[in-house]
Amino acid sequence: MIEILGILFDFGLLVLIWMVQLIVYPSFLYYEAKNLIVWHRKYTSLISILVAPMMFLQLGFNVFEAYSDFSAIAIIKLLLITFAWVFTFTYFVPLHTRISQGKVSRTILEQLIKLNWFRTLAWTVILVLSMFNYYFH
């Protein structure tokens with residue numbers, strides 16, 4: 001049962017990151033700077049309500065999994081989750097802070113889109129590994 005809950009959080013973050021990658025971040029390019037700043041402040045506070053608990057729960061379930069059933073897959077998943085966390089706080093928090101402060105440029109918006117492919121790939125691999133581990137372990 002605990003594995004299923006872990007997979008659900010992996011899946012939820014996967015769906016969320018793909019929506020952000022394909023819809024949300026590209027849509028920022030279509031806003032006028034003034035409107036984007038207003039919307040962005042709302043967006044970041046609202047998306048944080050969804051993302052933060054899911055990221056903490058994903059981390060918790062995967063730490064538990066690595067502890068209770070130590071395997072190469074569990075370690076790889078933890079490394080990918082750690083990467084997603086570090087990448088988020090190193091690159092995305094500062095970029096979003098700049099936008100919220102009114103420092104909007106096409107370059108920053110394009111950086112969001114380009115850099116987010118790394119998180120999208122990480123969360124995709126995490127779910128694939130979770131599914132593989134569930135069905136073949």
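This is a predicted model: local features need pLDDT of at least 70, side-chain atom pairs count only at pLDDT 80 or more; totals for chains, interfaces and linings use all residues.
**Exercise 1.** Among the 14 aromatic pairs of the structure, work out why the rings of Phe56 and Trp85 count as edge-to-face.

*Solution.* First check the distance: the ring centres of Phe56 and Trp85 are 4.9 Å apart, and pairing needs centres within 6.5 Å. Then take the angle: the planes stand at 80°, and over 60 degrees counts as edge-to-face. Now locate the partners: Phe56 is in helix H2 and Trp85 in helix H3 (residues 72-100), so the pair ties together parts 29 residues apart in sequence. As for accessibility, Phe56 is exposed at 54%, whereas Trp85 is buried at 17%.

**Exercise 2.** Now for Phe87 and Tyr91: what kind of aromatic pair do they form, and about how many helical turns separate them?

*Solution.* Their centres lie 4.8 Å apart with 50° between the planes, which makes the pair tilted. Both residues sit in helix H3, and because they are four residues apart, about one helical turn separates them. Phe87 is buried at 10%, while Tyr91 is partly exposed at 39%. To widen the view, both belong to one aromatic cluster whose members include Phe28, Trp39 and Phe92. Over the face of Phe92 lies Arg119, 3.6 Å from the ring centre.

Note on methods. Residues are numbered from 1 along each chain as its sequence is written. Side-chain values use heavy atoms; hydrogens and water are left out. Rings of Phe, Tyr and Trp (its six-membered ring) pair if their centres lie within 6.5 Å; planes under 30 degrees apart count as stacked, over 60 as edge-to-face and the rest as tilted. Helices (H or I, at least four residues) and strands (E, at least two) are DSSP runs, numbered from the N terminus. Buried means under 20% relative accessible area, exposed over 50%, partly exposed in between (1.4 Å probe, protein chains only). A charge sits over a ring if NZ of Lys or CZ of Arg is within 6 Å of the ring centre and within 35 degrees of the ring normal.
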